[in-house]
Amino acid sequence: MEPVKTLDAGLPALSGRLGQVCTRKDAFDLLASFLREQGLSDLILTFIPPGDLANQAVQWSTLTSEASDHLRDVGFDGRDPVRRRARRSIEPFVWDSSEWRGERSSVAKDMMAHLRKAGIEGGASVAVWGRGGRVAIADAIAPQSVFKDLPPSFLDLFFAATVLTVRTIERLSLIRGTPPLTRREIEILELAAQGLTNSAIGALLDIVEETVKFHFRGIREKLNVRSRADAITRFAVLDASWAGRREQVSKSRSRQTDRI
């Protein structure tokens with residue numbers, strides 16, 4: 001397959017597909033497939049919490065279990081020279097395990113030797129910063145000959161695709177920790193997001209205003225927010241993944257409107 005020629009090649013399609021995924025692994029798989037179309041054989045995506053929680057990193061990889069175990073054993077775990085350079089850099093970069101241009105420490109030298117032993121010639125890496133100091137680092141693994149054939153715009157494309165994927169995974173992570181809203185709660189939030197007052201929402205849904213306030217208390221507790229405005233903002237983040245339920249809400253609201 002021909003490599004991409006322009007910066008936005010394939011990004012709209014990737015963005016649309018990411019909007020439909022239901023799991024974080026599905027989002028990772030889409031990014032891996034997207035990069036594979038450019039000739040990059042493997043991908044590692046690592047989410048590293050800040051500070052003392054750094055040893056609780058979450059990682060997805062297309063490498064074989066044997067290769068993944070080997071990398072973990074040699075310390076390629078998010079605190080290695082490649083990822084340290086990624087965190088310090090504001091741009092993606094291509095690296096070569098035979099001609100490493102980063103830090104010159106003995107640790108880095110040993111790491112590059114271990115990577116070559118594992119059959120990893122190099123890759124392209126980029127860091128994307130998220131909430132609370134957490135950082136996601138994508139490592140696209142491929143022989144150096146592959147990178148020489150890619151267009152100059154590739155690194156920008158790699159960065160943009162990684163950002164789209166990381167933001168999707170962050171959204172899905174929020175959903176994982178959020179108790180599901182009921183159909184009525186979603187109805188109320190959608191109407192509130194349109195600027196309707198509690199009394200107007202009650203009139204539209206044929207319920208009293210106190211019932212609307214009761215539902216808002218439950219909504220705030222589920223979304224772990226303190227105010228109505230915060231609940232609406234949080235719902236906007238989660239809303240894309242509740243598309244199916246939103247469709248049900250729209251039908252229900254239509255029936256309510258017809259009745260009024």
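Which residues is Ser97 in contact with, leaving aside its neighbours within four places in sequence? Hold that for a moment. First, a caution: this is a predicted model.

Now the answer. Ser97 touches Met112, Leu115, Arg116, Ile120, Glu121 and Gly122, once neighbours within four places in sequence are set aside. Where does Ser97 sit? It is in the loop between β3 and α5, and α5 spans 106-117. Is Ser97 buried or exposed? Its relative accessibility is 1%, and buried means under 20%, so Ser97 counts as buried. The Ser97 side chain reaches the backbone oxygen of Ile120, at 2.9 Å.

Let me pick out one pair. Strand β4 covers residues 122-129, and strand β5 covers 135-141. How many bridges join β4 and β5? Seven, in the antiparallel sense.

On to helix α1, residues 11-18. Its buried residues are Leu11, Leu14 and Leu18. Why do these three sit on the same side of α1? Because they cover an arc of only 60 degrees around the axis. Turn to the face pointing away from that buried side. There you find the exposed residues Pro12 and Arg17.

Last, a helix pair. Helix α8 is residues 183-193, and helix α10 is residues 209-223. Their axes come within 10 Å and cross at roughly 95 degrees. Angles from 65 to 115 degrees count as roughly perpendicular, so α8 is roughly perpendicular to α10. Which residues meet there? From α8, we have Arg184, Glu185, Ile188, Leu189 and Ala192. From α10, they meet Val212, His215, Phe216, Gly218, Ile219, Lys222 and Leu223.

To come back to the opening: Ser97 is buried at 1% relative accessibility, and its side chain reaches the backbone oxygen of Ile120. Over to you.

Terms used. Residues numbered from 1 in each chain as written. Predicted model: local features only at pLDDT ≥ 70, side-chain atom pairs only at ≥ 80, totals over all residues. Heavy atoms only, no water. Pairing = 2+ DSSP bridges. Helix = DSSP H or I, 4+ residues; strand = E, 2+ residues; numbered from the N terminus. Buried < 20%, exposed > 50% of the residue type's maximum accessible area, 1.4 Å probe, protein only. Arc of directions from axis to C-beta. Polar contact = N/O pair within 3.5 Å; in protein donor to acceptor, adjacent residues only side chain to side chain. Contact = heavy atoms within 4.5 Å. Axes fitted to C-alpha atoms, helices over the stretch in contact; angles between N-to-C directions. Parallel < 35°, antiparallel > 145°, perpendicular 65-115°, else oblique.
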